[in-house]
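User: I would like to learn how to read a few features of a protein model. Please give the general idea, then the case here.

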Amino acid sequence: MTSLRVAVIGGGTSCEHDVSLASAGAAGAALTEAGHDVVPLTIDRDGLWRDGDGSPIGLAGATEVLRGCAVAVPMLHGPGGEDGTLAALCDLVAVPYVGSALGASAIAMDKWVTKLVAEAVGVPTAPGRLVTRATAGEVAFSHPVVVKPVAAGSSYGVSMVRDASELSAALDAAFAVDDRVLVEDVVVGREIDLAVLGRSDGSRTVPPALEIVVPESGIFDLESKYDGSAVFKIPAPVTEAEQEALERAAVAVYDAVGCSGIARVDFFLTDTGPVLNEINTIPGFTEHSQVPRMFAADGMSYSDLLDVMVREATSGDR
């Protein structure tokens, strides 16, 4: 098949700079293995664009590089990338790109708006409320809650609160990341993730689900995400009926948000069915990350997955 000139963008100004660099580096290596001409671009923590040699080229230089490529692969997790910022830039320079467009990315990044969209199409979410600094003093609860920033990634600022004495510190941690915070009831259920790949012909590919067995903290927080204490089970040990219910819910949310390309949709599987946790339009993407491992369980290698993603991005209109 024809080789493509592919810009792979990593780094960024968010807390997930290093994770993004890892995803971009791994994706670039896999795309090279698949036969593509990879052009690395990096955004420093201060927002400065650099080329593959590490030389500063600025935004103007980066847009010229992008215009010389057939497709872009944004690998910036969290704010400044996953929220649609890079999708908008690619749209402005008329370069096709892997992943969701600005509107869908912005919705998915906003956990509060995502809850509203999911509930509107019949997918349950955890009961909760939106809190700002002005309304934080009104928060009261009589049962365990999870406190999380509305728009952040990789579990930054997320805390489990079991006692009222812990609430203030949890809110402070969340407000350090975002000006809006969600306080949600703890959902009793297994943590199950699904990946959805939307293709240009309108079809949806959903590989086997993945279960996250969480540590004693009870949530898949920042520490357990990167310290190796969480265990991934692939395929998740679910019944055929549970798998079908999870797939229906994942595709329903994916389509309602308006996603394109790859997204990871995270659920709690309860006694009454799936409850949405969140959706990620630029999930972690090294070979050992959740999404590539789910596709590997379905027989698709990491390099083949990325090859499909870039070819699909160049094959149809958004």
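User: Which helix does K111 lie in?

Analyst: Helices are DSSP runs of H or I with at least four residues, strands are runs of E with at least two, and both are numbered from the N terminus. K111 lies in helix α5, residues 111–120. This is a predicted model, where local features need pLDDT of at least 70, side-chain atom pairs count only at pLDDT 80 or more, and totals for chains, interfaces and linings use all residues. Residues are numbered from 1 along each chain as its sequence is written, and side-chain values use heavy atoms, with hydrogens and water left out.

User: Is K111 buried or exposed?

Analyst: A residue is buried under 20% relative accessible area, exposed over 50%, and partly exposed in between, with a 1.4 Å probe and protein chains only. K111 is buried because its relative accessible area is 11%.

User: What does K111 touch?

Analyst: Contact means heavy atoms within 4.5 Å. Leaving aside residues up to four places away in sequence, K111 touches K148, P149, V150, A152, L182 and E278.

User: Where is Q243, and what does Q243 touch?

Analyst: Q243 is in helix α8, residues 240–257. At 15% relative accessibility, Q243 counts as buried. Beyond residues up to four places away in sequence, its contacts are L194, P207, P208, A209 and V238.

User: Why does D37 count as partly exposed?

Analyst: D37 has 36% relative accessibility, so it counts as partly exposed. D37 belongs to strand β2, residues 37–43. It touches S3, L4, R5 and V6, with residues up to four places away in sequence not counted. D37 and V6 are 31 residues apart in sequence, yet their C-alpha atoms are 6.0 Å apart in space.

User: How is the protein chain divided into domains?

Analyst: Domain bounds come from an automatic or database domain assignment. Here they give domain 1 (5–98), domain 2 (106–124 + 188–301) and domain 3 (128–185). Between the C-alpha centres of domain 1 and domain 3 there are 32 Å.

User: Which domains does the lining of the largest cavity draw on?

Analyst: On a 1 Å grid over the protein atoms alone, a cavity is a set of points where a 1.4 Å probe fits but cannot get out, and lining residues have an atom within 4 Å of a point. The lining of the largest cavity draws at least three residues from each of domain 1 and domain 2.
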